[in-house]
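Here is a short note to read alongside the model. Please keep the structure open and look up each residue as it comes.

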Amino acid sequence: MTAIGIEDAKVIIVGGSSGMGLALARRLLDEGASVMIAGRSRDRLAAAHLGGHPKLATYVVDISREEEVAALFRESGPVDHIVSTAADIKGAYQLLPSIELAAAQRVVESKFYGPLLLAKYGAARLPPSGSITFTSGVAAYRPAARGSVVAAVNAALEGLVRALAVELAPIRVNAISPGWVDTPIWSLVAGDAKQATLEAMAQRLPAGRVGHPEDIADAIRFLIGNGFTTGTILHVEGGHRLV
Ligand SMILES: NC(=O)c1ccc[n+]([C@@H]2O[C@H](COP(=O)([O-])OP(=O)(O)OC[C@H]3O[C@@H](n4cnc5c(N)ncnc54)[C@H](OP(=O)(O)O)[C@@H]3O)[C@@H](O)[C@H]2O)c1
């Protein structure tokens, strides 16, 4: 028996108020899990109420703040799985002369220090069969101009995942590495050119389309549920690394 059932499991999804995290919340609620979605904006969490589902809870947390992450796990009680799809990339996609350290720092905080803190405080709340899943991205493999900070932070996160898989064993630690997926994050990256940018990429990709949040939710569901997968970076990117 390698597949881990999700019915009645408790899952925390940081980033669950939007995009891939929200799609994952829907998926896991449909399967009978109890889901706590977490993020910084109370309004965004409230908007993602998922029809007031009885097994859905929300929690306001900024994972770049250590005391807030500690409080999250003090108050959460035991948890079966922890997922983070959080990213704050506002202002980070810039050519080198325009890079502002504050924007770069927000990427590091949301995608590296945040996950580090989630593991630091969350691991003690997990059972031996539990799992942690973080979110990297194709930028680490197919970087584009303006993407240096995100590329570097994704690569650092992947190193962290491998190290934590060893240190926290038998708790499993993995990362999903999405390609281009149509979520609200693209309004920050491309502004009004969002749809045109995504359509141009769809033409290039072997899969013939960009990703849907549900594609990534499905892959995270696999990482949560497969008891023999740890220290793995799962690429779900429509063939982007090949073109
Ligand atoms: N979409 C793509 O094409 C793509 C491609 C490659 C990789 N990725 C990666 O995939 C992940 C999910 O992306 P997405 O497109 O679903 O993004 P999204 O729709 O923008 O959602 C990001 C979520 O993270 C939360 N968040 C941001 N900073 C946070 C912090 N410091 N503490 C707690 N929560 C925080 C946001 O809520 P608040 O703002 O309210 O905190 C929001 O719920 C990210 O790691 C992203 O880098 C995305």
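1. Val153 and its contacts. Setting aside neighbours within four places in sequence, Val153 is in contact with Val107, Val108, Lys111 and Phe112, where contact means heavy atoms within 4.5 Å. Val153 lies in helix 5, residues 148-167. Helices (H or I, at least four residues) and strands (E, at least two) are DSSP runs, numbered from the N terminus. Val153 counts as buried because its relative accessibility is 6%; buried means under 20% relative accessible area, exposed over 50%, and partly exposed in between, with a 1.4 Å probe and protein chains only. The C-alpha atoms of Val153 and Leu22 are separated by 23 Å, and the two residues are 131 apart along the chain.

2. What kind of model this is. This is a predicted model, in which local features need pLDDT of at least 70 and side-chain atom pairs count only at pLDDT 80 or more, while totals for chains, interfaces and linings use all residues. Residues are numbered from 1 along each chain as its sequence is written, and side-chain values use heavy atoms, with hydrogens and water left out.

3. The largest nonpolar core. A nonpolar core is a set of buried Ala, Val, Leu, Ile, Met, Phe, Trp, Tyr and Cys residues joined through side-chain atoms within 4.5 Å. Which members of the largest one touch the most other members? They are Leu118, Ile132, Phe134 and Leu168, in a core of 31 residues. At least two residues each come from strand 1, strand 2, helix 3, helix 4, strand 5 (131-135), helix 5 and strand 6 (172-178). Helix 5 gives the most, with five residues. A second, separate core has 26 residues, including Leu24, Val83, Ile176 and Leu223. In soluble globular proteins, nonpolar side chains tend to be buried together.

4. Leu118 and Val173. Apart from neighbours within four places in sequence, Leu118 is in contact with Val14, Ile63, Val69, Leu72, Phe73, Ile82, Ser84, Ala123 and Phe134. Val173 lies in strand 6 and is buried, because its relative accessible area is 0%.

5. Helix 3. Which residues of helix 3 (66-76) are buried? They are Val69, Ala70, Ala71, Leu72, Phe73 and Ser76. Their cover includes strand 1 (10-14), strand 2 (34-39), strand 3 (56-60), strand 4 (81-84) and helix 4 (101-122). Just after helix 3, Gly77 takes a positive phi of about 70°.

6. The ligand. How many residues surround the ligand? There are 29, and the closest are Ser17, Ser18, Arg40, Val181 and Thr183; a residue belongs here if one of its heavy atoms lies within 4 Å of the ligand. Twelve residues of this shell are nonpolar, twelve polar and five charged. In that division Ala, Val, Leu, Ile, Met, Phe, Trp, Tyr, Cys and Pro count as nonpolar, Asp, Glu, Lys and Arg as charged, and the others, Gly among them, as polar. Helix 1 (19-30) and helix 6 (185-190) each supply at least two residues of the shell.

7. Atom pairs at the ligand. An oxygen atom of the ligand lies 2.4 Å from a polar side-chain atom of Thr183. A backbone N or O atom of Met20 is 2.9 Å from a ligand oxygen atom, and a side-chain N or O atom of Trp186 is 2.8 Å from an oxygen atom of the ligand. On its own the ligand has 890 Å² of accessible area, of which the protein covers 94%; the areas come from the Shrake-Rupley method with a 1.4 Å probe.

8. Backbone points to check. Most residues other than glycine have a negative phi, and most peptide bonds are trans. Asp8 is not a glycine, yet has a positive phi of about 70°. Asp8 is found in the segment before strand 1 and is exposed, with a relative accessible area of 57%. Leu50, in the loop between helix 2 (42-47) and strand 3, has a positive phi near 55°. The peptide bond from Ala169 to Pro170 is cis, with omega near 10°, and Pro170 sits in the loop between helix 5 and strand 6.

Terms used. Polar contact = N/O pair within 3.5 Å; in protein donor to acceptor, adjacent residues only side chain to side chain.
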